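Reader: I have a structure open and some questions about it. Can we go through them in turn?

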Amino acid sequence: STSGTTDSYDITQRVAELEILPGLRTKAWTYGGTFPGPTIVSRSGRRTVVRHRNELDQPVVVHLHGGHTPAASDGYPTSLILPANGSYDAHRAAQDMAGGKHGMSMDHGTMDLAEGVRSYTYPLKQRAATLWYHDHRMGYTRASVWMGLAGFHLVHDDEEERLPLPGGDRDIPLMITDRSFAEDGSFRYPLVDPEFHTPGVTDAYMNGVLGDVVLVNGAPWPVHEVERLRYRLRFLNASNARLYKLELDPQPEGGDAFVQIGSDGGLLAGPRRHDSLEIAPAERFDVVVDFSRYRPGTKVRLLNRFGDGTTAEVMRFDVGSGSPADDTTVPEKLSEVVSLDPGRASVTRDFHFRGSAEGWTINDLEYQPGRALARPKLGQTEVWRFTTNFHHPIHLHLDHFQVVSRNNRDPGAFDHGWKDTVDLRPAEAVEVVVRFTDYAGPFMLHCHNLEHEDMAMMGDFITE
Ligand code: C2O
Ligand code: CU
Ligand code: CU
């Protein structure tokens, strides 16, 4: 619903039986009965309030990923909505979170409990962008997201609307996830008991949990019919841990199938052309594909070049036979993107992401709610330097950043624009520049491989 200055949404989180595989029922944890959850559509600068009611059997936390959000509504991992059925009290919730994580200590002092319902307020003082919302409960994010708690939240603004880009049913958000299924159709998450207690960091968890069925918007290997026209495809990798290298097959003549117009934080200054897209967990790539470059009737497969067997294919586009007129284009100038100057940074901070048999750490610390790894001053620019011995998609809450360098060289092909997640690869160093703005409080820095995140590769930073 909508009133003068606010758009309001009501979402009930509940178990739903979905038909994901033909003829089988999958019990999912859902936002409002669907997977993905309902797409929330907001206007830049206009407040959106989302009221979540928890009819699931476990506590939940809602985080708007990419949202420029005050701390109280950001989905801090211990700001729980307890089940409305009263099955949890503070003690059980705390016990669960401590047990859900390898070697985790749980201090009740940071817990902020809501009974059954919580309203999240999103001022959305930010540019048009493809955001998404998902669960963020400490120690259980991997389980909740795997079971279905993820959805799109799109923000529009005037700048974007003035552009002659494809819109309406030719603007398609595509949430890519991988899942495994048991024979009866239920989601199968390996190596855990039904309560999702974790056995610790084992070999099978090193890379996070991978599924063998690729779902797009909750459907396995779907087929989408397209006209011979330009389409805007908003790719989101909402997988727990899988990286994809997306490529169209066949490639259009002359290559450059994907014309990238945006990244995590909205439009790029100008389009960038790619034959393939490497997309790490939580990243978004906003691209235009011109299907008029294909002959009528072509079946265009979207492949995953990092996959094999069943994970090598993502979906298919069946190109129509007509030759409709297209009044859309991709202008060479898309947006005014201000570059942050790393030379003006008041501080450079180092964050080392380490994986070992003992656990996943940032600067040798396992996640502990309330402990700050950094205290940035609001209004100041900082350079954050990420290093690792492994593979980790690194995500920052609150403010988007720009990638300054990768291994002391220029940013990579997929690092452009405003980002909130950057793919950090083994033995790499990535520097980002970020300006912290508007909201004081605790926010998170973490690996978005959800198994790594839950097993303590997360830290608070407190803006002040
Ligand atoms: Cu998408 Cu802190 O997460
Ligand atoms: Cu986030
Ligand atoms: Cu990681």
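Reader: What distance separates the centres of domain 1 and domain 2?

Author: Taken over C-alpha atoms, the centres of domain 1 and domain 2 are 23 Å apart. This is a predicted model, where local features need pLDDT of at least 70, side-chain atom pairs count only at pLDDT 80 or more, and totals for chains, interfaces and linings use all residues. Residues are numbered from 1 along each chain as its sequence is written, while chains are lettered from A and ligands numbered from 1 in the order in which they are written.

Reader: Where are the domains?

Author: Domain 1 is 6–158, domain 2 is 168–319 and domain 3 is 342–463. The bounds come from an automatic or database domain assignment.

Reader: How many residues does the contact take from domain 1 and from domain 2?

Author: It takes 29 residues from domain 1 and 29 residues from domain 2. Contact means that the C-beta atoms of two residues, placed from the backbone, lie within 7 Å.

Reader: Which element gives the most to the side of domain 1 that touches domain 2?

Author: α2 does, with four residues. Helices (H or I, at least four residues) and strands (E, at least two) are DSSP runs, numbered from the N terminus.

Reader: OK, new topic. How many residues are in the largest nonpolar core?

Author: The largest nonpolar core has 79 residues, and Met175, Ile176, Phe235 and Val287 have the most contacts inside it. Such a core is a set of buried Ala, Val, Leu, Ile, Met, Phe, Trp, Tyr and Cys residues joined through C-beta atoms within 7 Å. Buried means 20 or more other C-beta atoms within 10 Å of the residue's own, exposed means 12 or fewer, and partly exposed is in between, with C-beta atoms placed from the backbone.

Reader: Why does this core lie between domain 1 and domain 2?

Author: Because both domain 1 and domain 2 give residues to this core.

Reader: And what does Ile176 touch?

Author: Not counting residues up to four places away in sequence, Ile176 touches several residues, including Val214, Phe235, Tyr244 and Val314.

Reader: Switching to strands. Which residues are on the covered face of β21?

Author: Val300, Leu302 and Asn304 are on the covered face, and Lys299, Arg301 and Leu303 are on the uncovered one.

Reader: In what sense do β21 and β22 pair?

Author: Antiparallel, over five bridges. Strands pair if DSSP finds at least two bridges between them. Val300 has Phe317 in β22 as its bridge partner.

Reader: Last one: why does Ala374 count as partly exposed?

Author: Because Ala374 has 18 C-beta neighbours inside 10 Å. Ala374 is in strand β25.
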